[in-house]
Amino acid sequence: MRIATWNVNSIKARLPNVVAWLRTASPDICLLQELKCVDDAFPALEIGELGYNIATHGQKTYNGVAILSKTPLEDVRRGLDGDESDIQSRYIEAVTGGIRVASIYLPNGNPVETEKFPYKLGFFDRLVKHARAMLRHEEVFVLAGDYNVCPTDADVYDPIGWANDALCRPESRALFRTMINLGLTDAYRALHPNVERAWTFWDYQAGAWQRDRGLRIDHLLLSPQAADRLQACEIDKEPRGRDKASDHTPIWCELAPG
DNA sequence: ATGCCCGGAACGTCCGGA
């Protein structure tokens, strides 16, 4: 069972690249972020033709998340509890193939001196509470997506320059560590503890891709029951080098059959 | 020190991204 996550930075602008990657990589489950479209505008025919069932939680222009799966989707839930005023589409969850999966687009949080940073921390806090509740069921689950957090200095090309950025601030890292301390496994780091320069994002600006100036901000967090089955986790850099690339590239994990 | 590059909305130029 291969589970991928990819921030596509507009599903409409990225459709040819996404279809090409799904054809070759063929993940069983693919979690998408930053659709930038309403649910009715999602290219369900094109993605459905590849054999995927689809659940989306979109909105106009910004945000938007989706779950694609080769097995049927059940118990689909949209949004996180705990803030009725939050209308941004950043969370969708479903059960498929015996696994509960979530596609998450955590807020960026910059600039840190604005209300954007407390919004990020508040959203993350709601995610922590949700994860804590999920863990009580002792299920196989995967909380994956664009966390907009570099968990440690090893996950940033320039830790000093980024020290005060919302992606690297101690408050952001503390909440990521809380997820780990709850018992969740960072799939990539668990299997590659010492790999350096393992990025999932390269900015469009200043030749970041060509100079390999990246960040590791897209993560697959596994419940203990999922981590028991973890066999592999890799970043696929190929889509980032294509024409009309997203600034993020896919990361996937392989779980042994249940 | 600031912007660089993108996508969306919209048609000039700004917002959001990370």
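1. In this predicted model, strand S2 (residues 29-33) and S4 are paired in the antiparallel sense, with five bridges between them. Within that pairing, leucine 31 has isoleucine 67 of S4 as its bridge partner.

2. S4 is also joined to S3 by five bridges, and these two strands run antiparallel. Here asparagine 53 is the residue that stands opposite serine 69 in S4.

3. As to burial, five of the five residues of strand S4 (residues 65-69) are buried, so the strand is largely enclosed by the rest of the structure. Val65, Ile67 and Ser69 point one way from S4, whereas Ala66 and Leu68 point the other way, and all are buried. This may be read against the general rule that side chains in a regular strand alternate between the two faces of the sheet.

4. Turning to the sheet as a whole, it is an open one of six strands with mixed pairing, and its order is S3-S4-S2-S1-S14-S13. Strand S3 (53-57) and strand S13 (230-235) are the edge strands, each of which pairs on one side only. On average, and with direction ignored, neighbouring strands of this sheet are turned by 15 degrees against each other.

5. One further pairing deserves a separate point: strand S1 (residues 2-7) and strand S14 (residues 251-255) pair in the antiparallel sense, over four bridges. In S14, isoleucine 251 is the bridge partner of threonine 5.

Technical notes:
Residues numbered from 1 in each chain as written. Chains lettered and ligands numbered in written order. Predicted model: local features only at pLDDT ≥ 70, side-chain atom pairs only at ≥ 80, totals over all residues. Pairing = 2+ DSSP bridges. Axes fitted to C-alpha atoms, helices over the stretch in contact; angles between N-to-C directions. Buried ≥ 20, exposed ≤ 12 C-beta atoms within 10 Å, placed from the backbone.
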